[in-house]
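Here is a short tour of salt bridges and backbone angles. Have the viewer open as you read.

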Amino acid sequence: MSWDRLSDNPGSLVRHKDAIGTRVLQAMSSSLNFTYEVREPVDRQWGLEGEGGNWTGMVGELQREVADICTDLTVVPRRGGVIQFAGAYTAESMVILSSKPRPLPEYLSLIRPFES
């Protein structure tokens, strides 16, 4: 998810940009009838394991139940020990396009089946 900060204060609300994670969250919200706020972690980190099994960043907020869901965490086995991951999906920003091939001329229909 990409976002714009609405304030420079850590942990404040953010406005998310259009992306696959944003659309998944909006579809879930509509389908399951819930509202949500999108916030940046107070320490602006994704999550590093600290002393005593406590985590920083988004993983820490999920671990302490300050946050309920995150749509953009990389699945790492050590994180799986403190939070539960749902099924992953991949957002690919690169695609290859080509024009649709034109139909072959009718006069070649007798010859084409014998080409190797």
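## Salt bridges

A salt bridge here is a side-chain nitrogen of Lys or Arg within 4 Å of a carboxyl oxygen of Asp or Glu. By that rule, Arg 44 pairs with Glu 40, their closest N and O atoms being 3.0 Å apart. Arg 44 is partly exposed at 36% relative accessible area, while Glu 40 is buried at 6% (buried means under 20%, exposed over 50%, partly exposed in between, with a 1.4 Å probe and protein chains only).

The whole structure holds 4 salt bridges. Among them, Arg 78 meets Glu 49 at 2.4 Å, N to O. Arg 78 sits in helix α3 and Glu 49 in the loop between α1 and α2, so this pair ties together parts 29 residues apart in sequence. Helices are DSSP runs (H or I, at least four residues) and strands likewise (E, at least two), numbered from the N terminus.

## Positive phi

Most residues other than glycine have a negative phi. Asn 33 has a phi near 60 degrees; it lies in the loop between α1 (20-32) and α2 (57-63) and is exposed at 72%. Glu 65 also has a phi near 60 degrees, in the loop between α2 and α3 (77-80), and is exposed at 68%.

## About the model

This is a predicted model: local features need pLDDT of at least 70, side-chain atom pairs count only at pLDDT 80 or more, and totals for chains, interfaces and linings use all residues. Residues are numbered from 1 along each chain as its sequence is written, and side-chain values use heavy atoms, leaving out hydrogens and water.
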